[in-house]
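Let's take a friendly walk through a protein and look at how its charged side chains pair up. Please have a look at the sequence and the model first.

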Amino acid sequence: MAELRRQGFVIKESHLREGLREVTHLTGLRGRWTILDRRPLVICDTGHNEAGIRFIVEQLARLPHRRLHFVLGVVQDKDVSKMLALLPHETTYYFCQATIPRALPATELAEQAATLGLRGTTYVTVPAAVAAARAAAEADDVVFIGGSTFVVAEIEEL
């Protein structure tokens, strides 16, 4: 911001507040507890490490819902075991992978999750996993999509 001011831009606090309030609309950026739909409630978040997943799980536990549908994809260089250990067992999982070289294959993610008692189905693409979760969810369920910024980036418009 200091550099922009040196270049002659007038930046007021009100400008900063408006920019932050409208960041999703202005940039298309989404993924920090972004609500995509209401019935069923569909939320995405880019939390992609142990701390991020811990926060997400805590927030999901506070939401009233009948069933939780969890679309999950991660990248290979994350400590997946620590993240998976935080996830709830009474959940339907939709394991997927983003279309990037760093993505952990959905089958490997599902295998690691199964060692911790987490069960679900694998999908080759994020949109396929999201579509399956939405099709299975009822109005009073919650669908969560996350595990990686790359997964959230591949969500098609709902």
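A residue is called buried when its relative accessible area is under 20%, exposed when it is over 50%, and partly exposed in between. Keep in mind that this is a predicted model. With a relative accessible area of 40%, Arg66 is therefore partly exposed.

What does Arg66 pair with? One partner is Asp140: their side chains meet in a salt bridge, with 3.4 Å from N to O. Asp140 sits in the loop between helix H7 (126-136) and strand E6 (142-146), while Arg66 sits in the loop between H4 and strand E3 (68-72), so this pair ties together parts that are 74 residues apart in sequence. Asp140 has a relative accessible area of 41%, so Asp140 is partly exposed too.

Arg66 also forms a salt bridge with Asp141, and here the closest N and O atoms are 3.4 Å apart. This pair links distant parts of the chain, 75 residues apart, with Asp141 in the loop between H7 and E6. Is Asp141 buried or exposed? Its relative accessibility is 1%, so Asp141 counts as buried.

Arg66, Arg67, Glu138, Asp140 and Asp141 are linked in a network of salt bridges.

Finally, turn to helix H4 (residues 50-62), where Glu50 and Arg54 lie four residues apart, about one turn of the helix. Their side chains meet in a salt bridge of 3.3 Å, N to O. Glu50 counts as partly exposed because its relative accessibility is 31%, and Arg54 counts as partly exposed at 36%. Altogether, the structure holds seven salt bridges.

Key
Residues are numbered from 1 along each chain as its sequence is written. This is a predicted model: local features need pLDDT of at least 70, side-chain atom pairs count only at pLDDT 80 or more; totals for chains, interfaces and linings use all residues. Side-chain values use heavy atoms; hydrogens and water are left out. A salt bridge is a side-chain nitrogen of Lys or Arg within 4 Å of a carboxyl oxygen of Asp or Glu. Helices (H or I, at least four residues) and strands (E, at least two) are DSSP runs, numbered from the N terminus. Buried means under 20% relative accessible area, exposed over 50%, partly exposed in between (1.4 Å probe, protein chains only).
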